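Subject: Structure handover

Hello,

Here is the structure I promised to pass on. Please open it first, then read my notes below.

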Amino acid sequence: DRSDNPPAPATPTGLTVKPGDTSTGASANTGTSGNGTVSGAGASNSGGGVGSGTGGVGNPGGGLGSGTGGTTPIVADAPTCMSSPLVRANYLSPVDPKTATIVGQLSRDEKLKMLNGGERLSPEWWTIDFDATGATKVGLKDMPMRDGPRGVHSLNNEQSTTFAVAEARAAAFDLELEYKVGAVMAAEMKALKYDVSLAPTMNVLRHPGWGRAQETYGEDPVLVGNMAAAFVRGMQDNKMIACPKHFAVNNTENNRGDGADEPNVNMVVDAQTLHENYLRNFQIVVEKADPGCMMAAYNRVNGLRCTQNPTLMQDVVRKEWKWTGMMISDWWATVANQGNASINAGLDLEMPDNNAYKAIDNTVMATRIDEAATRIVNARLHFGHDTDAYKNAVANPGIVNTQTHKDLAKETAL
């Protein structure tokens, strides 16, 4: 409501405004204009007037003029928002024409073997080889993977170039530099005869006690997503499958659920917060880098484990984002003998063993098994895993001595 005798205009905190002054960059106190009081938050204007009303605009002529109140309506898919259509990255489409033939040559049991890391080598959990099971019958060897947010993390005392941690690299806001890091790590992965880089770590940093804090790119989902996308493009342009992790809301180290007897933390997040703060980073990497792989996390989200969560693995990544890569589990993030729940929810590959998937039974539809096998085979074919040139390439552990790699590592630390 307006009155005929308005009170003295309020002045924004930290800003002195006199009639005729010009000012920019300050917001008015709630609801006060030069010509009365209007409910809602005022906005500063380019000419120095103090605006009023929700979304109100001050008098551009200067002084304490009256604002125009009201709310600007939000229009879905407004032309101004759609004028620059997204150009998606593409490393996986169309499906390689050999994929259907290869999958069709495998029996149900052979397909199921390809969907996990194989039998555990002994009862001790650490006796693993980080290899997904291949299908030699159709020319696909086992698929060795290695960790790597800051360099190739080998299990065999091999050396690799070590870069500054991702959190430090993100402080440079340098996408070109991060692309180069991905490219060098791809070269070293190939030289050491590995097929999938379990990187980048790209969770939004929320908990200061999170044990992987230094591995991610910070607390801003847009920065995290764009840095991760640059890293993935650097890797995949150089024919190395990247596997962003940990999907999703993996933001605490306590009770994350990576052991049979360990409590499994449940992240309760409303839909808007989930999409804007904890999925936006992954959406960016899907749209701008099309990773061949993505890793489902240990924790629960809104009640369900990420490895048994169809909302995340189907509704979000497949239906909303149209991603076609392979979804793998974090190491032991599945539940023993609950393979049906994971594969039906959308998990394609259990790692590092078959603790859950060995219990998949005949109630799981053949089409779902074919779908998972197709995603794995298609990714592998797009990155040349079936070619003699790839399979027979000679290992080159001496690549770590490459001077340009050392120079780049130093640059990330400056």
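Start with G218. At 6% relative accessibility, G218 is buried (buried means under 20% relative accessible area, exposed over 50%, partly exposed in between, with a 1.4 Å probe and protein chains only). G218 sits in the loop between β5 and α6. Its contacts are N203, V204, L205 and V224, leaving out residues up to four places away in sequence; contact means heavy atoms within 4.5 Å. N203 is 15 residues from G218 in sequence, and their C-alpha atoms are 8.2 Å apart.

Some ground rules. This is a predicted model, where local features need pLDDT of at least 70, side-chain atom pairs count only at pLDDT 80 or more, and totals for chains, interfaces and linings use all residues. Residues are numbered from 1 along each chain as its sequence is written, and side-chain values use heavy atoms, with hydrogens and water left out.

Overall picture

The chain has 12 helices and 11 strands. Both are DSSP runs, numbered from the N terminus: helices are H or I with at least four residues, strands are E with at least two. Of the 414 residues in the chain, 52% are buried. Take the contacts in the chain with a separation of 6 or more: 65% of them join residues 24 or more positions apart. The accessible surface of the chain is about 18,900 Å², and carbon and sulfur atoms hold 52% of that surface. Areas come from the Shrake-Rupley method with a 1.4 Å probe; for residues, only the protein chains shown count as cover.

The core

The largest nonpolar core has 98 residues. Such a core is a set of buried Ala, Val, Leu, Ile, Met, Phe, Trp, Tyr and Cys residues joined through side-chain atoms within 4.5 Å. M145, F247, I328 and W331 touch the most other members. Helix α6 (residues 221-236) gives the most to this core, with 8 residues. What does W331 touch, not counting residues up to four places away in sequence? The list is I128, F130, M145, L198, M295, Y298, M351 and P352.

Strands

An open sheet of 4 strands runs in the order β3-β4-β5-β6, with mixed pairing. Strands pair if DSSP finds at least two bridges between them. β3 (131-132) and β6 (241-242) are the edge strands, each pairing on one side only. β5 (residues 196-198) runs parallel to β6, and 2 bridges join them. There, V196 stands opposite I241.

Next, β8 (293-296). Both faces of β8 are covered: C293 and M295 are buried on one side, M294 and A296 on the other. β8 also runs parallel to β11 (residues 326-329), joined by 4 bridges.

Helix α7

Helix α7 (residues 271-289) bends by about 65° at L279. The bend is the angle between axes fitted to the seven residues ending there and the seven starting there. Buried residues of α7 include L274, Y278, L279, F282 and V286. Among the elements covering the buried residues of α7 are α6, β8, β9 (300-301) and α8 (310-320).

Cysteines

How many disulfides does the structure hold? The count is 0, taking a disulfide as a pair of cysteine sulfur atoms within 2.5 Å. C243 is buried, at 0% relative accessible area. C293 is buried as well, at 0% relative accessibility.

Over to you.
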